[in-house]
Amino acid sequence: MKRIWSMQQLYGRTATTLQDSLGISPVIADILAQRGFPQPKEAIEFLRPTLLNLPSPFCFRDMSRAVDRLSLALKQKEKVLVYGDYDVDGVTSTSLLYKVLSDLGFNAVSYIPHRQDEGYGLNSEAIERAAKAGVSVLITVDCGVTAVEEVALARSLNIDVIITDHHEPSDTLPEAFAILNPKVKDAGYPFRELAGVGVAFKLTQALLQTFGNSEVGIHSELELLDLVALGTIADLVPLVGENRIIVHYGLLQMEKTRHTGLEALIEECGLRGKPLKAGQIGFMVAPRINAAGRMDSARAGLELLLTEDVERASELARLLTKENQSRQETEKEILAEAIAIVEQKPLPKVIVLSSNHWHHGVIGIVASRLVERYYRPVFMIAEEGEEAKGSARGISGYPVLEQMTTQAHLLTKFGGHRAAAGFSIRTEDIEAFRIGLNKQASAFAETLFQEELKIDRQVTLDTVTGDLLHQLEQLAPFGFGNPGPILACQEVPVHSVSAIGKERSHLKFRFGSQGEQEGVAFRIGERINELNRESALDVAFSLDWNNFRGRETVQMMIKDIHANANWRRGESNGYHEVAATLDLPEILWLDWRKLSCEEWPILGIKEQMWIWDTTGVAPILRHWSDADDKGQSSEKASQPSLDHLNQGVGLGLILGLPLTEEDFGEGIEKLRQLGVNRIALAGFQSLPEERVRQRCGSISREELIQIYRDLLAKAKIVNPFHYGGDSKISSVERIALKIFEELGLIRFLGGTDKIALEWIPAQSKLDLDSSLRYRNSKERLETAFKFQSELSELVSLDDTVGKMGEGGKVNC
């Protein structure tokens, strides 16, 4: 079926603001706005990820409890078992936590269950063996949050269980000693999309910050990020927020990894000495570790990541390559058989296939291949006598775990998330399972099953340059949740088309009147005659570098290509802004700017007054009852009541000078949502410059110089060094550290409240304006002062109303 090319909305003025503030191309600015970074400050944090933004591990409600229990285990030399999983996320989690526990002096052992013999997660037999071996603390990694019965068994055997997991919990949680899972209700952690290895990393952070000596504590966190990045990439969690930071720095660390086994594996993949990308790790490195757990036991992968013996590491890396080749052959055979079965009948909405000779370890990969081919949710099942095990993969808009829940009465065990899941079922119930899933799928719209190719931006062929690719690379690392941008050109002149590859299954294109731009499309060799007939084509593509005979050129990596693509274009976001403005009801503006608070005509209407208070560190909406008699904020503030919505009554007060047009507009919008259409401007005293700087997240050159001198003085005593600890790092200091990190003066090594830094002497004179953060903070401050000046000096509010795009009537 021909894919729909879905063109994203253009962001108009928002993208222009980003382009001007950050000095980036309109293409990059629009992509940033589409991906949820419409403001320069947000976009900078995305473009310049920093480890200084990692939340404290002690945000987890149970983290202190877990650390206290492990502190006791360390003192009493109790045996601690790290219990993992057989995929890459589980293997990296296990090796990560085992390494740190061992380095810190714990009596630690590790265990990964056998996929075929034991299956996923905690199992009773392993727990009983652990008890007999003298284990008193069991830490799960990448599993455990649904193991209610198994945890109860462990408790009965005097084993305290600490669960670190990232899977969706069920209604009933295990009665574990501590649970670290950002998806658990009231877990306390601000980022819920961590991989299993990400959660294990938070525990290692807490342990290093609590028990680490100066050597371990200063160096280990950064040096562990290569393992964390490997598991994070492999588990296909969204590469946004904390995951983006982890993978960004983890890839850099991987290039100079201190883990002997990982170094050997990178060498085996032919990636040694090259800049590493998330895609290379996901398609070349991770599958080799996965192969061991899929085909037999994950112990080889775990041993590889733990060994410090160079020869043994090379031997294991070669072994895993052979295992991966075997996995690929098995996968190829199962895929061919599955395709033959599917194409015997009309394509169903949900593909459910089973066989008694399929290898359970690879059916998940085959399911993914079938999703790519047919764009349908796929459930692959390996029958093992009366019992069967399955893997599921979904499509956009089809919640796999939720749909499986509708068939829970047929399943003996299941778990996972929205995009993928695993399950067990009685072989005799497979047909009922197939019928039930397809019956449920009939409730979805037909459009759900038509594949959509999301185009980030339409461009012209002459904009496809090395400069554009360099700017696109700033959006990396790419992966699930942050895909590599897909661009599109319409009616591109075709100079030539040729088949390439051993089996002539790929196509190379030359585009442009002189064939100046090269493009490559994989696995569409059969379309050569069709495409050769066309003089112009619509092309959807990503960009990459092509290094040939020492010459680096930009290459179009073609995702889809047609003479006339099936386009679906969204409206420009600017049109929505205009439409929304035209629909707004009239506001009655009241000008109290020059009145003292005693002169405000508010008698008898205080209970109907809402205040958009801009006098604090950050603007906030408050009811008059939460302010003193001068309208100043009290310590407590109530949230707006839904009872006030859309009643068109009451009075709104914009108190103080908003710093920006956005501040002003946000206040107006919040008041309008409460049904307020009379708004007064009052209390226009100038804010102290320091408060304005705080609100803008700005820092003066003098403040930077002083912090620079403090850091340099510490580095002269010992380098690396600790910073903070006794006194909390201030917001100004944190801004300065981010600027210095961006300028390459410091390297963050670990910690959250008390952090470890390495000073890197400058090799040439520093230009502060080369820091996006510093340059933008200056611009925000200048914009704020300018806006405040304009707002306070306007003779008539008609000018303000016009500027904000509002129609209104002024009354003094």
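Which residues line the largest cavity? Keep that in mind for the last stop.

**Before you start.** This is a predicted model, where local features need pLDDT of at least 70, side-chain atom pairs count only at pLDDT 80 or more, and totals for chains, interfaces and linings use all residues. Residues are numbered from 1 along each chain as its sequence is written, and side-chain values use heavy atoms, with hydrogens and water left out.

**Stop 1: confidence.** Colour the chain by pLDDT, the predictor's confidence in each residue, from 0 to 100. The chain's mean is 89. In 91% of its residues, pLDDT reaches 70 or more.

Now select residues 574-583. Their pLDDT is below 50, and the stretch has 5 contacts beyond near neighbours in sequence. A contact means heavy atoms within 4.5 Å.

Next, select residues 799-812. Here pLDDT stays under 50, yet the model has 37 contacts beyond four places in sequence. Where pLDDT is low, the predicted coordinates should not be read in detail.

Stop 2: Select Cys59. It is partly exposed, because its relative accessibility is 30%. Move to Cys143, which is buried at 0%. Buried means under 20% relative accessible area, exposed over 50%, and partly exposed in between (1.4 Å probe, protein chains only).

How many disulfides are there? The count is 0, taking a disulfide as a pair of cysteine sulfur atoms within 2.5 Å.

**Stop 3: the lining.** Select Phe60, Arg61, Asp62, Ile179, Val184 and Ala187. These residues line the largest cavity.

Notes:
1 Å grid on protein atoms, 1.4 Å probe; cavity = no way out; pocket = protein on both sides within 12 Å on 5 of 7 lines; lining within 4 Å.
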